[in-house]
Protein chains: 2
Amino acid sequence: VLRHLADHGPISRPDLGDGVGLARATTSSTVNDLLRRGLVAEVSTMPAERRGRPTTLLDIDDTNYAVAGLDIAADRVYLALHSLRGRELLRVERPGDADVTNPRALLRRAATVLHEGLDVAESDGRKLLGVGVAVPGLVDASTGTVKYVPSLGWRNVALRTGVAEALGDRAPVLVDSDANFAALAERRSRLRAGTAASSLVYLSGTYGISAGIVAGGRLWCGHRGMAGEVGHLIVDPAGRRCECGRTGCFETKAGLVAVLDAALAGRKQGHATSASRIDEVVALAHSGNSNVIEALAEAGTWIGRGAAMVTALLDPHLVVLGGHYARLAPWMLETARTAFGDALLVTDADGPSLEVSSRGIWGATEGAALAVLMSIADGDRPLPD
Amino acid sequence: VLRHLADHGPISRPDLGDGVGLARATTSSTVNDLLRRGLVAEVSTMPAERRGRPTTLLDIDDTNYAVAGLDIAADRVYLALHSLRGRELLRVERPGDADVTNPRALLRRAATVLHEGLDVAESDGRKLLGVGVAVPGLVDASTGTVKYVPSLGWRNVALRTGVAEALGDRAPVLVDSDANFAALAERRSRLRAGTAASSLVYLSGTYGISAGIVAGGRLWCGHRGMAGEVGHLIVDPAGRRCECGRTGCFETKAGLVAVLDAALAGRKQGHATSASRIDEVVALAHSGNSNVIEALAEAGTWIGRGAAMVTALLDPHLVVLGGHYARLAPWMLETARTAFGDALLVTDADGPSLEVSSRGIWGATEGAALAVLMSIADGDRPLPD
């Protein structure tokens, strides 16, 4: 019921009953329970065409709770607070710790940001329903353990436990890859816009490249929760060495660091952060710098090839470029689409498309917050009182 | 109900009701309808531990119907007739037409084989429930159109219509890739053996390499039905030209033709069929021929890398090597497993395994027959009277 309301609300009681396929009495008692818990609200709307009394529709309650999405990236920590309907209440962005390879230090930084957000939520009269934590790597979502994040150098970090402790166990914590969470956000935004989204692959252009796979309207996480690891597919055995230790990984061609290195080759970098390097690349591209524009176009070609590999295996409706790719897309999308089309064995009218996320780097926090609501809807977490 | 019986039969009425999650009355009326149509039978079994009266269990009826699986490969046509419980009633193998690129000629050959099978089924008192037709390539299963089969040179062939005409529209026809059908057969055989099978990827080692993807217990076919196209992933841009026109495709490293060419390099081939070349390779490998053994080991390495690419994206329980790979596995599996392990970013105790199908080249016909039953169970085709 919660899932259907999240996807389709506001909606009338009979339409809700039809949508979830439950008997009238069951739907009704479930709705009443959710109303009592403050998760669902009745909304009055005046019918557009008819006169007469306003209709009472049901929707996710937007007032009582907040859900938090925390994104721990290689050089920044992002926090967003959302209402249950996905309205963004707060957005905080802070530089990460200098020594990202130390999970404790980065976790302390993340906890500080998280507490800032919670203070805002509480002063706003909202109870925290849960926290979704995104990292750019391989996560065992069932235990909340980070298995491996090449860009942070983390292996086997009990992130869920760490964040839950920092929160004083005030709310449930979910951990997953940034790509998985962002794929959920992408699905919802497309569903609400009325565009096809039952199967999509979201390519995260953060400090790694992961894929979030939505199939049949749901996230496909794989047997161990590690599906979507595209960054270390070997696409060029004769290529460069990757930080994972192998040669010719997709990230050495299309990963953010590789793209920035190529675009800024020969320029003095000093101790520039990645964020300032992206700003520099965007400014140079805008000013028509041909080296930068060429490097971005070349990266676009590799991104298109990678998207085609994912498509060959999964045949989704569309592949979405997210994260920092969204900002660099004006100089990458054309070559990416050409390479994507060239690499597909069969191209036809209803073939898959390659598109840019409207979410940018905030897709992961949005999806992380949404995932908390979804996990409650799926019965994976208890309902709040 | 049919699907549950196919996976779990024989089973008692109450267990069936629990398994499908329907109300008692609904289950009962459904079962009675299926009994009347001869799709389900009551089976008496004497309890093992207790004395007393035999229990009546329900199972798929094995006596009234036959389902046919037809596999149109590059140099051979395979037909198997199965009972609804998956017992093989007949197996026929014929050389294909010399001019495989002509769909009409190959279809005529296939129709002859199919009619032979039907005569056997009818003389056995069985009605044909349907025909599943497998091809080694990209299929739009919803329309039964073959989009592209590189090894046959087919593009946009209305195969379902062709086979249905050859059958005089006597029974419904399903068309899909050999890998998809074989993956279904693999899932059932593992389910019956009690081994994990809710997510698996079957790699078809026929005249192309396709993947059949089972996720959440079901086939994942993709938006256009073209998921699993691994054969033309570009794994080595510096490699050899492929028959699809591109360079360095997975098939140029691990496809059957590439493997046979490498193993028999320098030997006189004449007009040897692929089947006889496989026999020759197996005989030479058995005799300890080091060139052949080395070529198979090298192919194994590439197969392991390809299996790892699929695993990185999908994270299945296991990857299964099928088709002709099964026969060549004694000389390929060791290097395949090593390369598979080396290519995975995270290896742990419950990591995915790389295994060999017990089905060999008959997996596709078995799965094609099974798919007919499944499509009726899913309501995609009407129930027979």
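Gly216(B) is exposed, with a relative accessible area of 57%, where exposed stands for over 50% relative accessible area, buried for under 20% and partly exposed for what lies in between, with a 1.4 Å probe and protein chains only. The model is a predicted one, in which local features need pLDDT of at least 70 and side-chain atom pairs count only at pLDDT 80 or more, while totals for chains, interfaces and linings use all residues. Residues are numbered from 1 along each chain as its sequence is written, chains are lettered from A and ligands numbered from 1 in the order in which they are written, and side-chain values use heavy atoms, with hydrogens and water left out.

Gly216(B) sits in the loop between S12 and strand S13 (218–219) of chain B; here helices (H or I, at least four residues) and strands (E, at least two) are DSSP runs, numbered from the N terminus. Not counting residues up to four places away in sequence, Gly216(B) touches Trp220(A) and Ser198(B), a contact being heavy atoms within 4.5 Å. From C-alpha to C-alpha, Gly216(B) is 9.2 Å from Leu200(B), and 16 residues separate the two in sequence.

Chain B gives 44 residues to the contact and chain A gives 44 residues. Together the chains bury about 3600 Å², of which 62% is on carbon and sulfur atoms; buried area is the accessible area (1.4 Å probe) that two parts lose on being put together, summed over both. On the side of chain B, the most area is lost by Arg224(B), Leu313(B) and Leu345(B), which together account for 23% of what that side buries.

Arg224(B) also takes part in a salt bridge, with Asp315(A) as partner and 3.1 Å between the closest N and O atoms, the term meaning a side-chain nitrogen of Lys or Arg within 4 Å of a carboxyl oxygen of Asp or Glu. Across this interface of chain B and chain A the rule finds two salt bridges, as well as 20 residue pairs in polar contact, both residues being at pLDDT 80 or more. A polar contact is a pair of N or O atoms within 3.5 Å; within protein, one must be able to donate a hydrogen and the other to accept it, and residues adjacent in sequence count only if both atoms are side-chain atoms. Of the elements on the side of chain B that touches chain A, H10(B) gives the most, with five residues.

In chain A, Thr301(A) belongs to helix H10 (residues 290–314), and Thr301(A) counts as buried because its relative accessibility is 18%. Its contacts, leaving aside neighbours within four places in sequence, are with Thr335(A), Ala336(A) and Ala339(A). Helix H8 (residues 256–263) of chain A has several buried residues, including Leu256(A), Val259(A) and Leu260(A), and among the elements that cover the buried residues of H8(A) are helix H9 (274–286) and H10 of chain A.

Arg170(B) lies in the loop between H5 and S10 of chain B and Glu122(B) in helix H4 (residues 103–123) of chain B, so the pair ties together parts that are 48 residues apart in sequence. Arg170(B) is partly exposed, at a relative accessible area of 42%. In another, Asp261(B) is paired with Arg277(B), and their closest N and O atoms are 2.7 Å apart. Because Asp261(B) is in helix H8 (residues 256–263) of chain B and Arg277(B) in helix H9 (residues 274–286) of chain B, this pair ties together parts that are 16 residues apart in sequence. Asp261(B) is partly exposed at 38% relative accessibility, whereas Arg277(B) is buried, with a relative accessible area of 11%.

Finally, the cysteines can be considered. The whole structure has zero disulfides over all chains, a disulfide being a pair of cysteine sulfur atoms within 2.5 Å. The closest cysteine sulfur to that of Cys244(A) is in Cys249(A), and because the distance is 3.7 Å, it is too far for a bond. In chain B, Cys249(B) is in no disulfide, with the nearest cysteine sulfur, that of Cys244(B), 3.7 Å away. Cys249(B) is buried, its relative accessible area being 0%.
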